[in-house]
Amino acid sequence: MPKTLFEKVWDAHTVRQLANGQTQLIVGTHLIHEVTSPQAFGMMRDLGLKVAMPHRTFATVDHIVPTDQVAEPYADPLADAMIKELRKSCQEFGITFFDRSTGKQGIVHIVGPEQGITQPGTTIACGDSHTSTHGAFGAIAFGIGTTQIRDVLATQTMALGRLKVRRIEVNGKLRPGVYAKDVILHIIAMLGVNGGTGFAYEYAGEVFDRFSMEERMTVCNMSIEGGARAGYVNPDETTFAYLKGRPYSPKGADWDAAVAGWKAVASDPGCTYDDIVNIDAASIAPTVTWGINPGQGLPITGSIPDPAKAGTDDERSSIEEALAYMKLKPGAPIKGTKIDVAFLGSCTNGRLSDFQEVAKFLKGRKVAPGIKAIAVPGSQAVGLICAELGIDKVFLDAGFEWRNAGCSMCLAMNPDKLVGDQLCASSSNRNFKGRQGSPTGRTILMSPIMVAAAAITGSVADAREVFGVSLN
Amino acid sequence: MALDKITRVAGRAVHVPGNDIDTDRIIPARFMKCVTFDGLGAYLFYDMRKNADGSEKPHPLNDPRFKGATVLLSGMNFGCGSSREHAPQALQKYGIRAVIAEGFAEIFYGNSTTLGMPCVTASRADIEQIAAAVAADPSVEVAIDLVNQKVSFGGKSVPCSLKDSARDALVNGRWDPIGELLEGAGQAAKIASHLRYMSA
């Protein structure tokens, strides 16, 4: 019987059915960070529990780290307490910690793949909803809560109900200037922010076949913004080439055996899906958000929705609420909306290729006067390679601030925050009210190249026009 | 560790209307700089309830008529976004014992169930009926019967539902799965030993 990758991985990791009907599922790889784990370690201590498989949990620090300060103690005593707490817990329980001193620190969803820890056919959990990122490798990866972190620490398993699988096929060719970020913003706008509830998304089709691993990660990363707890791409030669030679990748004969296993885990031809969605790649435009959730997106050439033209009462009230918060005019073009801040980074778009691609167009240009533009590599390794390639200099010359690795302004648990009702052109993943640190701060989500175009022009812009049409 | 069998949650209710209320709104990230969950109740819906100077905005949770409510009513896709357990923890620490909404985001739903805080879904019309009754008389008792999946209030009753696995876990007092998971840990280790990537 042909099976999906999801079914194969789920079955291979199933321990048993629990009394309430959920599955006790083995979590092969557990990633932790400083924000959602301390309470879990506290619960472990309270219950007198030991970590079942310390070698299968990996820690790093990302959410609270200042990106403009390396030396400890941090200026924020609460942040300083959190990094010290994680360091202490990792020592106490024997967990590998990619601390800043190791040179391997970064956003947890960038570090896992970079180190070769993220592998096809595995189950991965992390106390962070963007854990879906790791699905790019053909892993089944879930964001979990803190009590579940305790469960995974104590048993290397968790209780979970099986998901349905929706295959999202994007075929054809993306138009010039359209990137992976546009693909996922388009999918979320199309299927809705809760369209994926109860599903894992399997991304497939010619566009995903051609995508690099980093592009696949950008898409899988935002599965949760569409309500899907997990999203994945079937592993292929692109996946194997990325993993070859990474620190935690299998070596020698183990490598060959692993690749054979990884090939076998891909969804079988003729397997059954609970739902299939087809998208024509050519229909996807550079996409930006206009509202207060990632599903409120439109093509850069589009106009801000008018509540008077809404089809339903629900739609009208959601447009009204969003526009009141965003201070945007109904019916006006989104293009030309003045921005205050440009943020390039995050687990969605803080990888080498993101900075490389932007640097190609940024050379010789300047950030518009009065715009605060910050570029934040997703990991120390990304920062290092950017420095070797001179990419950091391109950003600095253009007037961007070039920072140290961390989550930075994606969620503003660190000093990088919007002030007042500043509007930010952001390569991150959430435009929720207050998300970027100011209770009245405003976010427009877009691809890295569009962030660069906004930084240069001082307003939401069509990168194809700013940089010339033949972008790719 | 014997857990309470949660078959019924009853109390006064408060309606926080809206769809897609995300966990950043339920508990803003800056209040997550903590190593315990204690004290999170004070920051529930903080930026919705307070101005920058700390003064109160009009919000159902600031309305003295709804003080002490233990049942929260809301719209579609409640708890979307971040997986932060800080969100259900903040609700629970504030005093909320159950949420009735048109729908829930999945991670929030699971996190809440594991804390013994039932999340039940009801139709918009029925939630509006409950909200209207509560608005008319904030002292009305809203009682969620998890066994029979119905909500009673002011002499009326409407259907509600929850996932079978959540209902089973709550009514049978096994909503925190750690005991069961530990029982299966030996078997898990055996299976894991056959998974190549998990070997030490």
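Two residues are taken to be in contact if their C-beta atoms, placed from the backbone, lie within 7 Å. The structure described here is a predicted model, in which local features need pLDDT of at least 70 and side-chain atom pairs count only at pLDDT 80 or more, while totals for chains, interfaces and linings use all residues. Residues are numbered from 1 along each chain as its sequence is written, and chains are lettered from A and ligands numbered from 1 in the order in which they are written.

Among the contacts in chain A between residues at least 6 apart in sequence, 77% join residues at least 24 apart. The secondary structure of chain A comes to 17 helices and 19 strands, where helices (H or I, at least four residues) and strands (E, at least two) are DSSP runs numbered from the N terminus. The radius of gyration of chain A, taken over C-alpha atoms, is 21 Å, close to the 23 Å that the globule rule gives for 472 residues, so chain A is as compact as a globular protein of that length; the rule itself is 2.2 Å times the number of residues to the power 0.38. Along its principal axes, the C-alpha trace of chain A spans about 55 × 55 × 45 Å. Of the 472 residues in chain A, 61% are buried, a residue being buried if 20 or more other C-beta atoms lie within 10 Å of its own, exposed if 12 or fewer, and partly exposed in between, with C-beta atoms placed from the backbone.

Within chain A, five strands form an open sheet in the order 5-4-3-6-7, with parallel pairing, two strands being paired if DSSP finds at least two bridges between them. Strand 5 (96–98) and strand 7 (140–143) of chain A stand at the edges with a single partner strand each, so one side of each is left without a neighbour in the sheet. The twist from one strand to the next averages 20 degrees. Strand 3 (residues 29–32) and strand 6 (residues 123–126) of chain A pair in the parallel sense over three bridges, and A:Leu31 stands opposite A:Cys126 in strand 6 of chain A.

Helix 15 (residues 391–398) of chain A has as its buried residues A:Ile391, A:Asp392, A:Val394, A:Phe395 and A:Ala398. These residues cover an arc of only 160 degrees around the axis, which puts them on the same side of helix 15 of chain A; the arc is that of the directions from the helix axis to the C-beta atoms. An α-helix has 3.6 residues a turn, so residues three or four places apart point the same way. The cover over the buried residues of helix 15 of chain A includes helix 13 (352–362), strand 16 (372–375), helix 14 (380–388) and strand 17 (401–402) of chain A. Just after helix 15 of chain A, A:Gly399 takes a positive phi of about 105 degrees. In helix 13 of chain A, the buried residues are A:Leu352, A:Asp354, A:Phe355, A:Val358, A:Ala359, A:Phe361 and A:Leu362, and helix 13 of chain A is followed by A:Gly364, whose phi is positive, near 80 degrees.

Chain B contains an open sheet of four strands in the order 2-3-4-5, with parallel pairing, whose edge strands, strand 2 (13–15) and strand 5 (119–121) of chain B, each pair on one side only. Strand 4 (residues 98–101) and strand 5 of chain B pair in the parallel sense over three bridges, and the bridge partner of B:Ala101 in strand 5 of chain B is B:Thr121. Helix 5 (residues 124–136) of chain B lies across strand 2, strand 3 (71–73) and strand 4 of chain B, running at about 115 degrees to strand 2 of chain B; axes are lines fitted to C-alpha atoms, for helices over the stretch in contact, and angles run from 0 to 180 degrees between N-to-C directions.

Strand 6 (residues 142–145) of chain B has a covered face, formed by B:Val142 and B:Ile144, and an uncovered one, formed by B:Ala143 and B:Asp145. Four bridges join strand 6 of chain B to strand 1 (residues 8–11) of chain B, and the two run antiparallel, with B:Arg8 opposite B:Asp145. Strand 6 of chain B is also joined by four bridges to strand 7 (residues 150–153) of chain B, again antiparallel, with B:Val142 opposite B:Phe153.

Between the two chains, 63 residues of chain A are in contact with 52 residues of chain B. Helix 5 of chain A gives the most to the side of chain A that touches chain B, with six residues.
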